[in-house]
Amino acid sequence: MVPLSHYLILSAALFAIGMFGALTRRNAIGILMALELMFNAVNLNFVAFSRYLPQTMLQGQIFAIFVITVAAAEAAVGLAIVLGLYRNFKSVNVDEINLMKG
Amino acid sequence: MTVTQAVFFLLAAFTLGAALLVVLATNIVHCAIALVFTFFGVAALYVLLDAEFLAAVQVLLYVGGITILLLFAIMLTSRISARGVKIMNEQAGISALVVFAILALMVFANLKGLVLAAAPLPASYATASLGRLLLTTYVLPFEVVSILLLAAMVGAIILAKREREKD
């Protein structure tokens, strides 16, 4: 069988890739995609722990469901904000949106 | 190496490759398509972990919902055929350094600290009890999250709505 640490390392790698994307992307939609990657890494962790560790009430899977729900809400609001940004700045590059930079 | 292990490593390589493509591809549409493959890979890993319901939710919500939303946003904002645009900001080097440090820390902690749970628990049929728990023990968070979804929906509509009159 696959040991738990394999899943955790895979999830850590996925999280690191997503973090790199969130830190370096210029396109705001690209940043949102990287955020989704990080959400997926965390969910994978939850589900793996829920499969491997003894538990009474499926906490891991339940929490993963709530994370997915909140991620959906985040994506909807985030993309609405991106559309608003594009309407005001004619750009979705986050380094050009620096109105409050001193 | 058993069949399960082979499947796991194949899926892991597939998921990580697609995730790298999401982060590194220059065309934002290609990123969205690679994101779909990443989501499918994670869904397959859920099946491998005996979480069939979550795999179905992953495919329905991420592949069917969020990706379509992202593609809509891409079509509505950026010029797809824009070539020669820089995709990364000037923090790429230091970001890579920080990310590698964090990854090394996580892998080290994983290999060093976690000796428990080498083998999975006996498989249980989780979907039925998942539904039962959501409507009994976890009914309060369930309702709270539905209010959150309603608020997010209203907020998204208000944010994306065009202003009727310009001042």
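1. Asp95(A) has a relative accessibility of 31% and therefore counts as partly exposed; buried is defined as under 20% relative accessible area, exposed as over 50%, and partly exposed as in between, with a 1.4 Å probe and protein chains only. The model is predicted, so that local features need pLDDT of at least 70 and side-chain atom pairs count only at pLDDT 80 or more, whereas totals for chains, interfaces and linings use all residues. Residues are numbered from 1 along each chain as its sequence is written, chains are lettered from A and ligands numbered from 1 in the order in which they are written, and side-chain values use heavy atoms, with hydrogens and water left out.

2. Side chains of opposite charge can pair when their charged atoms come close.

3. One of these salt bridges joins the side chains of Asp95(A) and Arg26(A), with an N to O distance of 2.7 Å. Asp95(A) belongs to the segment after α3 (59–89) of chain A, and Arg26(A) to the loop between α1 (4–24) and α2 (28–52), so the pair ties together parts that are 69 residues apart in sequence. Arg26(A) itself is buried, at 9% relative accessibility.

4. Arg26(A) also meets Glu96(A) in a salt bridge, at 3.2 Å from N to O. This pair again links distant parts of the chain, 70 residues apart: Arg26(A) in the loop between α1 and α2 of chain A, and Glu96(A) in the segment after α3. Glu96(A) is partly exposed, with a relative accessible area of 41%.

5. Which residue of chain B forms a salt bridge with Arg51(A)? The partner is Asp50(B), and the closest N and O atoms are 2.8 Å apart. The pair crosses between chains, running from helix α2 of chain A, where Arg51(A) lies, to the loop between α2 (28–48) and α3 (52–77) of chain B, where Asp50(B) lies. Arg51(A) is buried, with a relative accessible area of 13%, while Asp50(B) is partly exposed at 23% relative accessibility.

6. The secondary structure of chain A consists of three helices and zero strands; helices (H or I, at least four residues) and strands (E, at least two) are DSSP runs, numbered from the N terminus. From the N terminus on, the order of elements in chain A is α-α-α. The radius of gyration of chain A is 17 Å, well over the 13 Å that the globule rule gives for 102 residues, so the chain is more spread out than a compact globule. This radius is taken over C-alpha atoms, and the globule rule is 2.2 Å times the number of residues to the power 0.38. Along the principal axes, the C-alpha atoms of chain A fill a box of roughly 50 × 25 × 25 Å.

7. Of the 102 residues in chain A, 62% are buried. Among contacts (heavy atoms within 4.5 Å) in chain A between residues at least 6 apart in sequence, 62% join residues at least 24 apart.

8. Setting aside neighbours within four places in sequence, Ala28(A) is in contact with Val82(A), Val92(A) and Val94(A). The C-alpha atoms of Ala28(A) and Ile81(A) are separated by 9.7 Å, although these residues are 53 residues apart along the chain.

9. Leu58(A) is placed in the loop between α2 and α3 of chain A and counts as buried at 12% relative accessibility. Apart from neighbours within four places in sequence, Leu58(A) is in contact with Ala126(B), Ser129(B), Leu130(B) and Leu133(B). Within chain A, the C-alpha atoms of Leu58(A) and Val47(A), eleven residues apart along the chain, are separated by 9.4 Å.

10. In chain B, Thr67(B) lies in helix α3 and is buried, at 2% relative accessibility. Not counting residues up to four places away in sequence, Thr67(B) touches Ala32(B), Val36(B), Phe39(B) and Tyr62(B).

Methods
Salt bridge = Lys/Arg side-chain N within 4 Å of Asp/Glu carboxyl O.
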